Amino acid sequence: MTEHSPPAGPGARGEVNEQANEQVNESVYDKVYDVAVIGAGVVGSAIARDLSGHDLSVVLLDARDDVGDGTSKANTAILHTGFDAKPGTLESRLVRRGYELLSAYADDTGIPVERTGALLVAWTPEEQDALPGLREKAVANGYEHCEPVTAEEVYRQVPALGPGALGGLTVPDESIICTWTTTLALATDATARGTTVLLGHRVDAVEGAEAGTEGTAAGESTAGTEAAPGGDTTTLRTSRGSVTARWVVNAAGLGADALDGLFGHRRFTVTPRRGELLVFDKLARPLADRIVLPVPSSLGKGVLISPTIYGNVMLGPTAEDLTDRTDTGTSESGFEFLRTKGTRLMPTLLEEEVTASYAGLRAAIDHGDYLIEPSPEQRYLLVGGIRSTGLTASLAIAEHVRGVLAEAGLKLEPRLDLPEPPRMPNLGEAYLRPYQDAALIAEDSAYGRIVCFCERVTEGEIRDAYRSPLPPAGLDGLRRRTRAMNGRCQGFYCGATVDALMATKGGTCQEAAK
């Protein structure tokens with residue numbers, strides 16, 4: 001395991017990539033790319049980064065206006081050891097491998113990680129009886145550090161737990177990580193390696209040059225023909241122009257089944273599973289200095305309590321299957337469920353102030369493992385069914401995808417001229433932030449001008465976000481890059497200033513005030 005070192009410096013810098021905004025150069029539509037990766041979440045970005053480390057032209061497309069704006073942004077942000085995965089599955093292998101790869105990559109790029117460890121808590125005799133089996137499963141997955149502990153030890157480690165715990169199982173290497181920075185680092189790295197990033201490009205249809213057939217978006221007529229794009233090239237008809245590539249990788253998350261259908265397949269169905277979470281104020285952090293997990297059941301992993309990389313404490317998620325793939329709203333029933341669960345798990349936590357609540361959608365599928373299947377005759381690869389462990393496994397998935405594509409016929413020649421990985425801005429509370437760095441402030445006073453006082457975000461960080469290779473497309477993107485307006489006031493005090501800085505795309509406060 002690679003230990004994580006504190007990030008250094010203010011963050012990734014570079015010229016603004018106009019492709020990430022609205023001014024897409026028309027020439028990007030004239031080019032024939034070697035590989036098109038659809039889906040700029042953490043998995044798609046990792047795949048684009050990996051492939052662009054070879055002598056290939058790569059384009060990364062996403063329907064949304066920012067990278068990581070789908071399922072990735074609402075991940076529970078745990079760097080998993082894979083101790084509880086089903087042994088022998090592709091997921092278990094890639095999570096274990098991904099843990100090592102992402103740990104090392106975080107060290108290289110400054111993605112904040114805290115090695116908090118985790119504690120599974122048994123609340124019933126049945127759950128207590130399940131603990132030895134979970135330890136055996138961890139060993140079968142190659143992780144041998146789990147240890148059963150008594151109820152007394154459970155309360156010694158987490159004194160704030162509610163009464164009634166019967167025992168536990170430690171997982172010392174489970175960690176928390178910044179999911180936002182991870183996706184952004186991978187996409188930034190891919191961009192530096194030459195990947196063309198086309199955001200706001202929803203794929204509506206695909207055409208195969210040789211096959212001469214066409215698939216259209218789900219719900220539209222296919223005129224009675226079975227779509228069979230592929231051949232030498234596939235043309236992706238998007239909401240903003242057509243993109244042509246020799247190979248296509250489908251990492252579209254919630255839209256992966258619909259896109260798979262455009263290629264003539266009916267392999268699986270994505271069910272959007274909503275997870276609601278409550279975020280408690282930083283004052284609650286001493287109550288939970290490690291991840292507290294329930295014993296998994298047939299219904300899933302259940303509600304956990306976890307510190308966040310930003311200094312808060314998180315309670316959730318719920319698990320509600322929906323039909324609407326855009327419904328990320330919170331609900332009264334979700335709040336009530338979490339309050340009931342939280343009151344039993346850690347009653348003193350429920351006495352703390354809630355800073356925010358949010359909901360994300362997971363791409364649950366009717367398949368028990370990651371679904372990574374090539375269609376060599378179409379020069380097409382499906383990367384579907386990547387659940388929340390995909391954050392941890394992202395780099396291993398990319399590595400696996402590279403091997404699958406090579407076996408399917410894609411020629412891969414490693415490049416020898418790769419740029420260094422980007423050094424990302426630090427969003428982690430445990431490491432030095434710009435407002436705390438006297439030397440940095442002496443060098444550039446913008447890091448001494450705090451804009452968001454709840455999260456201690458400076459004018460310099462907002463400026464850097466807009467000067468980065470993948471600048472934010474809106475307020476949510478700026479929040480994910482800087483933490484601005486994510487504090488307890490939720491922008492009540494800093495909202496006007498942040499709006500003004502956004503209007504000047506990170507100009508100075510003096511410029512914003514004009």
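**Entry 1**

I began with Y370 and listed its contacts, leaving aside neighbours within four places in sequence: L90, E91, L94, V95, G384, G385, I386, R387, T389, G390, A393 and I397. I note that the model I am reading is a predicted one.

I then looked up the largest nonpolar core, which holds 52 residues. Y370 is among the members that touch the most others, together with V37, I47, I372, V383 and I397. I recorded the elements that give two or more residues to this core: the helices α1 (42-51), α2 (90-109), α5 (179-192) and α8 (390-408), and the strands β1 (32-38), β2 (58-61), β13 (241-250) and β21 (380-384). The greatest contribution is that of α8, with ten residues. I found another core lying apart from this one; it has 28 residues, including A36, I38, L322 and A363.

**Entry 1: helix α1**

I checked how much of α1 is buried. Ten of its ten residues are, so the helix is largely enclosed by the rest of the structure. The buried residues are V42, V43, G44, S45, A46, I47, A48, R49, D50 and L51. I47 of this list is also one of the residues that touch the most other members of the largest core.

**Entry 2: L161**

I located L161 in the loop between α4 (151-157) and β7 (167-171). Is L161 buried or exposed? Its relative accessible area is 6%, and buried means under 20%, so L161 counts as buried. Not counting residues up to four places away in sequence, L161 touches V121, W123, V154, Y155, V292, L345 and M346.

**Entry 3: backbone details**

I noted a cis peptide bond between G316 and P317, with omega at about 0 degrees. P317 is placed in the loop between β17 (313-316) and β18 (320-321).

I next recorded two residues other than glycine with a positive phi. For A77, phi is near 65 degrees. A77 belongs to the loop between β2 and β3 (78-79), and its relative accessible area of 14% makes it buried. For M485, phi is near 70 degrees. M485 sits in the loop between α11 and α12 (495-503), and at 7% relative accessibility M485 also counts as buried.

I consulted the UniProt record, an unreviewed entry, which places the feature "domain: BFD-like [2Fe-2S]-binding" at residues 450-503. In the model this span is 48% helix and 9% strand, and its end C-alpha atoms lie 18 Å apart.

I then examined α10 (residues 459-467) against α11 (residues 475-482). How do their axes cross, and within what distance do they come? The axes come within 10 Å and cross at roughly 115 degrees. The crossing is right-handed. From α10, the residues in contact are E461, I462, A465 and Y466; from α11, they are L478, R481 and T482. I sorted this contact by class and recorded four nonpolar residues, one polar and two charged. As background to the spacing, I noted that an α-helix has 3.6 residues a turn, so residues three or four places apart point the same way.

How values were computed: Residues numbered from 1 in each chain as written. Predicted model: local features only at pLDDT ≥ 70, side-chain atom pairs only at ≥ 80, totals over all residues. Heavy atoms only, no water. UniProt positions renumbered as here; feature names shortened; annotations may be inferred. Helix = DSSP H or I, 4+ residues; strand = E, 2+ residues; numbered from the N terminus. Core = buried A, V, L, I, M, F, W, Y, C linked by side-chain atoms within 4.5 Å. Buried < 20%, exposed > 50% of the residue type's maximum accessible area, 1.4 Å probe, protein only. Contact = heavy atoms within 4.5 Å. Axes fitted to C-alpha atoms, helices over the stretch in contact; angles between N-to-C directions. Left-handed = near helix turned anticlockwise from the far one by under 90°. Nonpolar A, V, L, I, M, F, W, Y, C, P; charged D, E, K, R; others polar.
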